[in-house]
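Visitor: I am new to this structure and would like a close look at a single part of it. Please keep the explanation plain.

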Amino acid sequence: MGITAEYQSAFTSSFQEFFGNAKDVGWELYHLSSEPENDFPTWLTFTIRNPLGGRALAFRYHSLEKKFYAHLKVQVIPGEENWSLDQLFHKKGYTDLDADDILSSGGEWLFFSLARHYFGIIISFCPRILEPDYFLD
């Protein structure tokens, strides 16, 4: 299995484990990757979006830099704000670990470790992170 398929599989299966079927919760899942350079993509992204909530979670891995970024993207007028999940979770006291800690200890199951870390915190402490602030009747 290539790195792109492994990344997608890890985040998709972990999402289903924690949250169930994306259609049932009304969220959209996206997988993107850069064009392969020497048969290896420069970056991989997995995004979870609630179209009604104006929010998305974006997980991005840069293979050349060996860096991982997790952000909450919030639609505002005009534009979008990006909040680092590592900083948000640390500030709220949800975890002492961040992406660098997971990258250094993830081993063979690196992407599954990353997905389970973030989804575990979300389901435990802030399961409504993508919920809309209000509902239209």
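Which residues does Ser-14 touch, not counting residues up to four places away in sequence?

Guide: This is a predicted model, in which local features need pLDDT of at least 70 and side-chain atom pairs count only at pLDDT 80 or more, while totals for chains, interfaces and linings use all residues. Residues are numbered from 1 along each chain as its sequence is written, and side-chain values use heavy atoms, with hydrogens and water left out.

With residues up to four places away in sequence set aside, Ser-14 touches Ser-9, Phe-112, Ala-115, Arg-116 and Phe-119. Contact here means heavy atoms within 4.5 Å. Ser-14 itself sits in helix 1, residues 3-19. Helices are DSSP runs of H or I with at least four residues, strands are runs of E with at least two, and both are numbered from the N terminus. The relative accessibility of Ser-14 is 1%, so this residue counts as buried. The cut-offs, for a 1.4 Å probe and protein chains only, are under 20% relative accessible area for buried and over 50% for exposed, with partly exposed in between.

Helix 1 packs against helix 5 at an angle of about 25°, and their axes are 9 Å apart. The axes are lines fitted to C-alpha atoms, for helices over the stretch in contact, and angles run from 0 to 180 degrees between N-to-C directions. Helix 1 and helix 5 are therefore roughly parallel to each other. Angles under 35 degrees count as roughly parallel, over 145 as roughly antiparallel, 65 to 115 as roughly perpendicular and the rest as oblique. Helix 1 passes helix 5 in a right-handed crossing. A crossing is right-handed if the near helix is turned clockwise from the far one by less than a right angle, and left-handed if anticlockwise. On the side of helix 1, the contact includes Ser-9, Ala-10, Ser-13, Ser-14 and Phe-18, and on the side of helix 5 it includes Phe-112, Ala-115, Arg-116 and Phe-119. By class, this contact of helix 1 with helix 5 has 14 nonpolar, 4 polar and 3 charged residues. Ala, Val, Leu, Ile, Met, Phe, Trp, Tyr, Cys and Pro count as nonpolar, Asp, Glu, Lys and Arg as charged, and the others, Gly among them, as polar.

Helix 5, residues 110-125, also packs with helix 3, residues 85-92, at an angle of about 45° and with the axes 12 Å apart. That angle makes helix 3 oblique to helix 5. Helix 3 passes helix 5 in a left-handed crossing. Leu-85, Asp-86 and Phe-89 of helix 3 meet Tyr-118, Ile-121 and Ile-122 of helix 5. By class, this contact has 5 nonpolar, no polar and 1 charged residues.

Two of these residues form a ring pair. The structure holds 21 aromatic pairs. The ring centres of Phe-89 and Tyr-118 lie 6.4 Å apart and their planes are at 40°, so this pair is tilted. Rings of Phe, Tyr and Trp (its six-membered ring) pair if their centres lie within 6.5 Å; planes under 30 degrees apart count as stacked, over 60 as edge-to-face and the rest as tilted. Phe-89 lies in helix 3 and Tyr-118 in helix 5, so the pair ties together parts that are 29 residues apart in sequence. Phe-89 is buried at a relative accessible area of 0%, and Tyr-118 is buried at 0%.
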